Amino acid sequence: MKAPVSWIREYVDLPEDLTTEEIAARLTALGLKLEALDKPGHDVTGPLVVGRVLTVEPEPQKNGKTINWCTVDVGGANGSGDPQGIVCGAHNFRPGDLVVVVLPGGVLPGGFEISARKTYGHVSAGMICSAKELGLGEDHAGIIVLPPDAGQPGDDAFAVLPLRDEVIEFEINPDRAYALSLRGVAREAALAFDAPYHDPAQRETPAPDGHGYPIAIDDPVGCPVFVAREVSGFDPTAPTPDWLARRIQLAGMRPISLAVDVTNYVMLELGRPIHGYDADKLQGTVGVRRARAGERLTTLDGTDRALSAEDLVVTDDSGIIGLGGVMGGEATEMSETTTRVLIESAHWDAVSMFRTGKRHKITSEAGRRNERGVDPTICEAAADRVAELLVRYGGGTASPSVTVVGTPPEPATITIPATLPADIMGMDIPADTSVAHLRAVGCEVTVDGDRLTAVVPPWRPDLTDPFDLVEEVARVVGYEDIPSVLPDAPAGRGLSPAQSLRRRVGRTLAGAGYVEVVNFPFVGGADLDRLGLEADDERRQTMRIANPISSEEPLMTTTLLPGLLKALARNAGRGIGDAALFETATVTLPRGTVAAPILPVDRRPTEGEWDDLQKALPDQPLHLALGVSGNREPSGWWGDGRAASWADAIEAVRVVATALGVELTVRSATRAPWHPGRCAELLVGDVSIGFAGELHPRVCTAYGVPARTAVAEVDLDQLLQRATLIVPAPRFSTYPVAKEDVALVVDADLPAGDLAETLREGAGVLCESVRLFDVYTGDQVPAGKKSLAFALRFRAADRTLTEAETGAARDAAVKLAAERHGAVQRA
Amino acid sequence: MSGPNSDYDPVEVTPLKAEEVDAMREAALAAIATAPDLDALKHARTEHAGDRSPLALANREIGALPPQARKEAGMRIGQARSAVNQALAARQEVLEAEHEERMLVEETVDVTLPWDRTPVGARHPLTTLSERIGDVFVGMGWEVAEGPVVEAEWLNFDALNLGPDHPARTMQDTFWMEPADNAIVLRTHTSPVQARTMLTREPPIYVVCPGRVFRTDEFDATHSPVFHQVEGLVIDEGITMAHLKGTLDHFAASMFGDGITTRFRPSYFPFTEPSAEVDLRCFVCRGQEPAVQSCRTCRGEGWIEWGGCGVVNPRVLVACGVDPDRYTGFAFGMGIDRTLMFRHGAEDMRDMFEGDVRFTTAFGSEI
Ligand SMILES: [Zn+2]
């Protein structure tokens with residue numbers, strides 16, 4: 001809401017020396033938030049004076065244009081009193097007219113400085129101004145011709161033109177619809193400065209006499225009040241007076257024509273949207289009802305609309321002529337030939353307005369006010385004000401007969417304990433202060449013992465609940481006086497185990513050299529295709545967003561890999577090919593398409609209702625994804641770097657698992673998007689928690705990540721659930737360790753992990769660790785075989801082992817490996 | 001222990017001459033003193049102090065001397081050997097020190113050579129900032145509550161006094177899941193976690209809920225369809241707006257330094273009444289002249305818009321099963337991304353979501 005300060009001051013007697021900044025600050029403190037301050041016209045500086053055109057000599061030019069060489073009487077403003085010679089390109093004036101002249105030294109908007117200059121063979125000493133050149137509007141067709149009584153040559157034009165003003169733009173919250181008018185803003189200013197207020201809606205209006213335009217309301221709930229008033233003999237060519245056009249313009253609307261401008265002006269002034277019909281295009285009684293299925297209307301924006309049975313429509317004998325309170329119809333629109341206007345000033349049901357506006361995607365200044373709630377008691381005043389202005393500036397006569405149908409709804413009555421404002425605010429607010437402040441905002445208050453009863457003012461439909469009154473009292477008391485008191489919270493238990501563990505996962509990966517990323521959870525089918533997912537892959541079962549930001553990414557992702565790979569590709573594209581990234585985020589796994597219930601809000605949901613609501617939501621497990629591309633360790637003067645590989649991805653998950661006290665087992669697997677020969681399934685016990693390994697080369701290409709990029713994705717919830725929360729202290733032997741190395745030749749496809757597991761089992765309780773230290777394939781072993789070398793460490797808890805004991809344990813391990821895997825000890 | 005040598009023949013034995021012992025001693029000391037390195041010293045040790053050295057051999061002959069000569073010879077040889085051993089030890093120490101010194105010089109490296117072989121990771125500043133905020137409240141005894149991002153419409157709107165026809169509902173441009181009449185949305189704020197908390201815990205409730213939220217904004221320098229909020233909720237007996245102010249002042253001081261407070265302005269949120277917008281005292285200029293004039297953090301305002309708050313609307317309590325006659329509460333919400341932007345001078349929101357490691361690495365593991 002843009003409110004010119006001169007307009008505010010018209011309704012409230014503010015001290016003259018109050019600055020616009022002070023007004024804005026106090027109104028912000030009351031809840032009308034300052035959005036922007038504008039001071040139009042302040043960039044124009046004089047001399048800017050009234051001049052009388054003495055002579056006009058048209059001089060045709062070679063370029064086909066005709067310029068006018070004029071002399072203008074500017075009184076004593078030019079110092080000499082002699083006529084001022086000025087070249088002017090406009091033609092809409094003649095000798096004797098009063099015009100606006102900027103003399104040399106003056107500055108026009110945009111820092112445009114005026115000086116005497118030679119042009120078209122004359123010295124032009126100044127400029128005769130158009131409205132556009134002064135920033136007064138868009139009208140550039142000609143210069144401003146002032147009314148004959150506007151002033152004398154040499155008068156300061158700033159006093160004649162509505163040039164300078166100060167405009168406060170407020171951000172108006174939905175509950176303060178009354179402040180979408182100067183009437184409301186001025187009321188708040190009066191409250192802010194305790195200044196006398198003159199309600200512009202308070203005016204004498206003619207009583208309805210039954211001879212006005214016939215109106216029939218079929219739906220008094222949707223349209224409780226309908227006021228109609230006719231103006232006839234109106235001159236459609238009459239111009240909008242400058243001051244009125246200027247105010248509309250400053251308030252952010254565009255002047256169009258007198259009739260339209262007047263309805264807009266009254267809407268801005270009083271907050272009551274007005275609709276004007278060309279009365280000559282109306283046929284018979286005007287009515288209001290709900291639309292019927294199948295009905296259509298072409299609104300004045302030219303759109304043909306299918307109506308819903310919930311839409312409130314205005315009708316006449318020809319059918320539907322408007323969407324009530326939202327937008328008029330094309331057929332009865334006012335035009336440049338309209339001489340008879342029917343003014344509609346009606347109160348509409350706010351919810352219907354909201355729904356119709358939303359349904360038809362119509363946003364308008366009128367709709368914004370009607371759907372938030374307008375004072376229902378000022379319909380007659382608003383219609384009367386429109387009639388007054390139309391007649392004053394457009395001629396004609398206002399019908400003495402007014403039609404008024406319906407009565408305004410009763411305002412709400414709210415009773416509160418007198419101490420409620422103090423109790424809720426935690427402030428010392430005596431009861432009589434509350435009473436005074438509620439009265440100041442317009443409530444009628446009665447006191448009954450320790451209870452206050454407030455009848456809210458008709459312009460405040462937002463006041464419905466006891467706490468609404470608390471806010472009204474508090475904002476007048478002043479939020480800046482709210483004391484600062486810490487509540488006594490009961491002892492808390494700190495972070496939950498899962499919350500602590502998630503932090504541990506992040507810290508562990510950062511410590512291991514991985515950088516965390518935060519990706520959007522949106523993907524498209526193409527992203528899943530690029531992963532190489534089969535048609536029946538469960539990760540293709542996604543939830544779809546009805547209104548995605550990008551039609552390329554309408555799905556809630558089921559895997560974190562697309563986002564991670566895009567981030568790796570983005571880094572590579574920016575010259576960072578060596579990158580290790582991770583993300584922890586939830587994924588969305590649909591569980592069906594059951595609708596979530598809309599439960600009542602006047603009570604707690606039942607357990608059954610609550611369960612139904614939970615069941616309708618998708619599974620949203622927390623995943624961890626990580627990826628590493630390029631070199632895991634950089635090359636340098638020390639030599640080559642170490643390229644990232646499938647093993648890094650597995651290792652990173654293992655590091656996380658170790659940090660959580662979870663033992664991870666690894667087995668080979670085949671799954672998109674991984675390289676079929678370099679993919680590991682990761683398990684905790686028998687439970688598969690995810691996969692890790694090198695990406696399929698085609699996926700690297702498809703996502704534009706470096707070749708051999710390795711990734712992992714695991715269900716982090718599964719890992720966290722299995723975390724060791726209380727680590728048991730280890731016991732270990734301090735006796736000497738005995739070491740034995742064995743090299744075993746086995747089939748090339750035997751997983752090393754299986755062989756290690758066998759050795760450990762065979763070596764028995766004395767075996768402390770089994771560690772693979774060499775893998776060999778080549779001439780030294782038969783084709784199709786490989787040699788795996790293990791270091792075994794033995795130790796007993798209670799004694800130093802003898803060579804015989806360790807030898808026997810080693811032999812047992814080798815023997816079991818031979819039995820189970822056909823392993824042969826290498827010489 | 002041998003007895004006196006009864007077969008002693010004084011004629012056949014030539015007593016050791018003192019000059020000879022002295023010569024052995026001098027020869028040994030000279031060899032030790034001139035040994036240039038540890039190897040030479042080792043050789044000198046063998047030659048002059050070893051089992052076959054002249055002094056050792058001479059020492060062996062002492063027993064064959066006449067008793068009257070033994071004492072003197074023994075003393076002379078003993079002194080000589082002792083002197084040689086001392087000289088050996090001293091020379092050993094000198095040569096070892098020389099050797100060590102030389103070795104350390106030889107092993108000198110260029111310590112300015114770069115050694116950045118260990119990859120450096122980092123946590124995302126939105127994560128660490130959320131954690132830091134959480135820690136402030138955990139420190140006050142609160143707990144951290146969480147909820148799903150794909151949320152029921154009822155919890156995101158209706159339960160929070162945002163009915164289907166509430167004008168505020170259009171203020172929040174919501175992502176709807178298909179089919180739209182299934183009433184499932186991407187949560188537009190973390191407030192549904194408040195509702196969930198009230199529905200699943202008994203008062204007193206003191207929780208803070210950080211999390212990611214969604215609105216249909218285009219992605220640009222100052223907007224993102226995905227962003228992060230933190231909300232606080234307290235439900236207890238006798239809770240007032242003053243408690244809200246005290247809590248946010250403490251929060252502000254904890255995050256931005258002692259003396260940094262908040263300012264409330266009346267505002268409107270359907271789920272709170274009375275409602276307020278919270279401004280944070282600029283922690284850079286503290287609103288002080290003349291610093292405030294040129295302050296880029298608050299753009300000369302002295303205050304930074306931080307979030308919204310208010311007393312929980314009793315209608316919300318009713319929908320969430322809390323007795324409004326017994327309990328009151330307060331709630332507040334701030335943007336974590338926005339806080340990161342002004343706290344750290346991050347200028348482009350896209351930096352937070354594009355995964356460029358240079359952005360995140362700068363923040364390390366704590367914030
Ligand atoms: Zn500042």
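**Notebook: a predicted two-chain model**

I began with Glu803(A), which counts as exposed because it has 9 C-beta neighbours inside 10 Å, and the cut-off for exposed is 12 or fewer. The model I am reading is predicted. Glu803(A) sits in helix α20, residues 803-821 of chain A. I then looked up its distance to Ala738(A): the two C-alpha atoms are separated by 8.1 Å, although the residues are 65 apart along the chain.

**Around Ala738(A)**

I followed Ala738(A) next and found that it stands opposite Phe794(A) in β42(A). The strands concerned are β40 (residues 738-747) and β42 (residues 785-794) of chain A, which pair in the antiparallel sense over 10 bridges. β40(A) is also joined to strand β43 (residues 824-825) of chain A, by 2 bridges, and these two run antiparallel. There I noted Leu744(A), whose bridge partner in β43(A) is Gln825(A).

**Domains of chain A**

I looked up how chain A is divided. The domains are domain 1 (2-40 + 165-193), domain 2 (48-159), domain 3 (215-405), domain 4 (413-481), domain 5 (497-721) and domain 6 (738-825). I checked one pair, domain 4 and domain 6 of chain A, and their C-alpha centres lie 85 Å apart.

The UniProt record, an unreviewed entry, places the annotation "domain: B5" on residues 409-484 of chain A. Over residues 409-484 of chain A I read 37% helix and 20% strand, with the end C-alpha atoms 41 Å apart.

**A sheet in chain A**

I traced an open sheet of 5 strands in chain A, in the order β14-β17-β20-β21-β22, and its pairing is mixed. The edge strands are β14 (215-217) and β22 (327-328) of chain A, each pairing on one side only. Inside the order I looked at strand β17 (residues 286-290) and strand β20 (residues 312-316) of chain A, which run antiparallel and are joined by 4 bridges. Arg289(A) has Val313(A) as its bridge partner in β20(A).

**Where the chains meet**

I asked how many residues of chain A are in contact with chain B. On the chain A side, helix α12 (residues 497-511) gives the largest share, 7 residues. I sorted the residues of that side as 52 nonpolar, 19 polar and 23 charged.

**Glu273(B)**

The UniProt annotation "binding site", again from an unreviewed entry, covers Glu273(B). I found Glu273(B) in strand β7, residues 272-281 of chain B. Is Glu273(B) buried or exposed? It is buried, because 24 other C-beta atoms lie within 10 Å and the cut-off is 20 or more. Not counting residues up to four places away in sequence, Glu273(B) touches Asp465(A), Phe467(A), Asp468(A) and Glu471(A) in chain A, and Gly310(B), Val311(B) and Asn313(B) in chain B.

**Nonpolar cores**

I ended with the cores. The largest nonpolar core has 258 residues, and Leu581(A), Leu626(A) and Ala712(A) have the most contacts inside it. I listed the contacts of Leu581(A), leaving aside neighbours within four places in sequence: among them are Tyr514(A), Val515(A), Leu564(A), Leu626(A) and, from chain B, Gly355(B). There is also a second, separate core of 32 residues, which includes Val53(A), Cys70(A), Ala131(A) and Leu146(A).

Definitions and conventions: Residues are numbered from 1 along each chain as its sequence is written. Chains are lettered from A and ligands numbered from 1 in the order in which they are written. This is a predicted model: local features need pLDDT of at least 70, side-chain atom pairs count only at pLDDT 80 or more; totals for chains, interfaces and linings use all residues. Two strands pair if DSSP finds at least two bridges between them. UniProt positions are given in the numbering used here, feature names are shortened, and annotations may be inferred rather than shown by experiment. Two residues are in contact if their C-beta atoms, placed from the backbone, lie within 7 Å. Domain bounds come from an automatic or database domain assignment. Ala, Val, Leu, Ile, Met, Phe, Trp, Tyr, Cys and Pro count as nonpolar, Asp, Glu, Lys and Arg as charged, and the others, Gly among them, as polar. A nonpolar core is a set of buried Ala, Val, Leu, Ile, Met, Phe, Trp, Tyr and Cys residues joined through C-beta atoms within 7 Å.
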